[in-house]
Amino acid sequence: MRIRITFSKQDALRYTGHLDLHKLWERAARRAELPLAYSQGFHPQPKMNMAAALPLGFSSRCEVLDMKLERDIPLEGLKEKLNATMPSGLRVQLIEEVDERAPALQTQVVSAEYEVILTEAVDGSKLKRRIDSVMESESLLRIRRNKEYDLRPLIEGLEMQSENKISMRLSAREGATGRPDEVLDVLGIPVEDARVERTALNFTS
Amino acid sequence: MYLSIQKHLTGLKTGQIYHSVVIVERHSIYLTNLVIIPAMMNPEQIEKELDRILLKVQKPGRYVGGELNITQKDWDTVKTKVALVFPDIYDIGVSNVGLKILYDQINQREDALAERAYAPWLDMEDLMRERGIPLYALESKQPLACFDLIGFTLPYETLYTNALNILDLSGIPVRSEDRDASHPIIIAGGHSTMNPEPMHAFIDAFVIGEGEEVIHDIINVIMSLRAPKGQSNLPADEGIASPARRGRNDILRELAKIPGVYVPRFYEAYYLEDGTVSHIEPTVEDAPAVITKRIVPKLPPPPTKFIVPNVDIVHNRVSVEIMRGCTRGCRFCHAGMITRPVRERSVDEVLEAAEKAIKNSGFEELALLSLSSSDYTNVLELVTKVGEKFSGTHLKVSLPSLRIESVSIDLMEKLKDRRAGGFTLAPEAATERMRRIINKYIPDEDIINTTREIYRRGWSTIKLYFMIGHPSETLEDVQAIADLCKRVLAEGRKVIGWKAKLHAGVSTFVPKSQTPFQWVSCDTPEQIKAKQELLKRELYRDKNIKLSLTDAEDSFLEAWLSRGDRRMAEVVYSAWRKGSKFDAWQEGKKYDAWMEAFEEHGLDPLFYTHRQRRTDEVFPWEHITAAVRKNFLFQDFRMSLEGEIRVDCRLNCFACGILPTFAGMRRENPGEGWKCPDVKSPAQKKVTAAVNNHELPVVGD
């Protein structure tokens, strides 16, 4: 049986990275006595996939995880059971069964949406102009980890929602993933002056 | 540097408590740690600051708390607040079982709360000092300075400078004498405090022995005598005669009355001309001349709600202590001497706790802890049942400290598909002479036969632990370590061919207080170097042998402190001021700082390490006892010189002193829990004999 879990990751858990989150879920499954399936071999690994890694420090309302179970189990009550022993900051919102033969979750993600709250006062009209110029530009060449890449095609949407709130939609395809902190850098906003939350993951339907 | 201090000083606000930073001492002005730490910031301010810096440090998850199974209580309604501190990084400290036990003990009370803090890593400390963030507890983010009681665990000596650094980072005066009623009471316990003297100037009260019961006694005193928060948070009053100061002293006077609690300020140490101790005596009436360790008669139920970290740590596991103490009597072993008597938990209690702990935490590994698993009475039954209970799960089980015998392989085999890591054995020495000296007698043939069988049954890597630097060890004894390793591997190759691997872990022996080797001298740096070179020469050639050696400088640091006296406190202080911290880490420790510190205080490091103690020497820890008599230790030391061994004391009581010290406790707790054999005291024997021989007067005669 394959189940898909949608959960939020907030507060202290913003500082838990992708690999540690895998471990966290493996333990959560053990606490809830889920028959989690493992790979064969000397170092068996749990069969779990996450849709898209969330950069450290950002929160999320919509993380998605697929988990393979050794056998079918009833899903009612499972959400409550999992939530009863979760660290603060992680809440399961939805659990649904998916077709075992469906393609791997991470190949289905196309984009991610983010909401950015600015914690320090900014000059709104200046920021608006910056956003406009980003959206009007043809390319934004940047260097990350010693590799040059173009950020612009990864930005699918960028808007100012209010004086202290920006929203953006960034590509999240395999090998073409935009990072919100890179966009903030282009806008001249130090990442420590912003609280970034992932608000939605969009999948191919 | 001076200008930056000036800048900071002019920015100070009146009415706010600041920790003074310009330290002008007898000989020098220290230029380290010269950043203002405001003692008070509220949790909201701290959290806000953290959000701004955490993405700049390695592994920020260490600093945010929020783990599963923590206890969070209402700060404003709980009377007494305790911060428990493991003075190393989170990754090491969070799985410490000792602090976990105390955390549970305290949080089970309605009137008290316990929270945790660890040493921030170097990158985080820099940012905290730069931005004036005081060290805080992970649960509430309250600054440590706002707690009533801070309890350090000091399991090893290389944490001492970190403990000082943590006080400083918390805005609390590092020296006990500089604290006033506004500051928390600072206590410490743990194995290294069996000789507390090198830390006597910084810790208000030490807990000697086991903490499960005494922590409640301490909290009760603090609850009844310490002024409620708010009243006591007035700016520091420096006057000796001020009510605030008396209040603190009164609390400490009360603490000194609790059995097992040592309050160093109420003792004075006197020295002879040769620098050794003449005597140590209490300066106040209530302080006992000798502080005897506390023990619990029966191990209380083990913790089952382990804190589950949200980031990777060193030991990702739950631990269940199956037995405390050890009857083997290895003469080098500090833990084996100070944790007597042996007390076991029942198989059922261990199983039940293990099941609950795994269920509550979801951890992937279970460690069954003791100093010597093979000596646990029902070890076979335990291992069989653990195997059954967790069959079909992916749980790994670790069973440390197995004896070198084929039964150990049977035990490990029962855990085979769930074993954690390779197969580890600890012969400690490789010649018969040496093994007799250290009282760990295993014939070579047993080692060869056991290891051959381990390879045969499917383990390709065996790890052997040895120590160099045992008393009277020669290069031949060290050569024998290399020879034995080669022989073990050669046997392995006969069985499984070139797959066979060996890992030799060779550490350097450090003589510890309260053991039969407390009289012996350490090896000199030259001796250690020669021995380590020999091992490298002999063992580096074979690529299937991995050799790990401990850094000789690390061993010296441990050696100065483990048998140090009160004067060492100034060395610890200066070494820390000169920037040494994280002394167990290459990134932190500064050996040169320690050498300078010794020089500054006119002390010779060799006095503490390379000196055979006189047989009548009074030790700096003479007023502290683990209830094992000095005479017993001395007799054991003499036996080691003669190469005489003592068998397992479950078979034969050697009168170490535990039973008479805790006779009343044992009487009230009879039965199988203690593994000391039944002995009649000589007095009782005489009475029995006299009764049997009709020698006693009969009433009416």
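**Exercise 1. Find which residue B:E321 stands opposite in strand 15 of chain B, and work out the sheet around this pair.**

Let's take it step by step, keeping in mind that this is a predicted model.

- Step 1: In strand 15 of chain B, the residue opposite B:E321 is B:L369.
- Step 2: Strand 15 of chain B covers residues 365–369, and four bridges link this strand to strand 12 of chain B in the parallel sense.
- Step 3: Now widen the view. The sheet is open and has three strands, in the order 12-15-16 (chain B), with parallel pairing.
- Step 4: Strand 12 (318–321) and strand 16 (396–398) of chain B have a single partner strand each, so they stand at the edges and one side of each lacks a neighbour in the sheet.
- Step 5: On average, and with direction ignored, neighbouring strands of this sheet are turned by 20° against each other.

**Exercise 2. Describe how helix 18 of chain B packs against helix 19 of chain B: at what angle, and with their axes how far apart?**

- Step 1: Locate the two elements: helix 18 of chain B spans residues 568–577, and helix 19 of chain B spans residues 591–600.
- Step 2: They pack at an angle of about 135°, and their axes are 8 Å apart.
- Step 3: That angle makes helix 18 of chain B oblique to helix 19 of chain B, because only angles over 145 degrees count as roughly antiparallel.
- Step 4: The handedness of this crossing is right-handed.
- Step 5: Now look at the residues. Helix 18 of chain B contributes B:V571, B:S574 and B:A575, which meet B:A593, B:W594, B:A597, B:F598 and B:E600 of helix 19 of chain B.
- Step 6: Sorted by class, this contact has six nonpolar residues, one polar and one charged.

**Exercise 3. Two residues have a positive phi although neither is a glycine: A:N146 and B:S472. Where does each lie, and is each buried or exposed?**

- Step 1: For A:N146, phi is about 65°. This residue sits in the loop between strand 6 (141–144) and strand 7 (147–150) of chain A.
- Step 2: A:N146 has 5 other C-beta atoms within 10 Å, so it is exposed.
- Step 3: For B:S472, phi is about 60°. The loop that holds B:S472 runs between strand 18 (461–468) and helix 15 (475–496) of chain B.
- Step 4: B:S472 has 12 C-beta neighbours inside 10 Å and therefore counts as exposed, since the cut-off is 12 or fewer.

**Exercise 4. Which residue does a cis peptide bond join to B:R340, and in which loop does that residue lie?**

- Step 1: The bond joins B:R340 to B:P341, with omega at about -5°.
- Step 2: B:P341 belongs to the loop between helix 9 (334–338) and strand 14 (343–344) of chain B.

**Exercise 5. Step back to the chains: how many helices and strands are in chain B, and how many residues of chain A are in contact with chain B?**

- Step 1: Chain B has 24 helices and 21 strands.
- Step 2: Chain B has 701 residues, of which 47% count as buried.
- Step 3: Among contacts in chain B with a separation of 6 or more, 77% come from residues 24 or more positions apart.
- Step 4: Across the interface, 23 residues of chain A are in contact with 19 residues of chain B.
- Step 5: The side of chain A that touches chain B has 11 nonpolar, five polar and seven charged residues.

Terms used:
Residues are numbered from 1 along each chain as its sequence is written. Chains are lettered from A and ligands numbered from 1 in the order in which they are written. This is a predicted model: local features need pLDDT of at least 70, side-chain atom pairs count only at pLDDT 80 or more; totals for chains, interfaces and linings use all residues. Axes are lines fitted to C-alpha atoms, for helices over the stretch in contact, and angles run from 0 to 180 degrees between N-to-C directions. Angles under 35 degrees count as roughly parallel, over 145 as roughly antiparallel, 65 to 115 as roughly perpendicular and the rest as oblique. A crossing is left-handed if the near helix is turned anticlockwise from the far one by less than a right angle, and right-handed if clockwise. Two residues are in contact if their C-beta atoms, placed from the backbone, lie within 7 Å. Ala, Val, Leu, Ile, Met, Phe, Trp, Tyr, Cys and Pro count as nonpolar, Asp, Glu, Lys and Arg as charged, and the others, Gly among them, as polar. A residue is buried if 20 or more other C-beta atoms lie within 10 Å of its own, exposed if 12 or fewer, and partly exposed in between; C-beta atoms are placed from the backbone. Two strands pair if DSSP finds at least two bridges between them.
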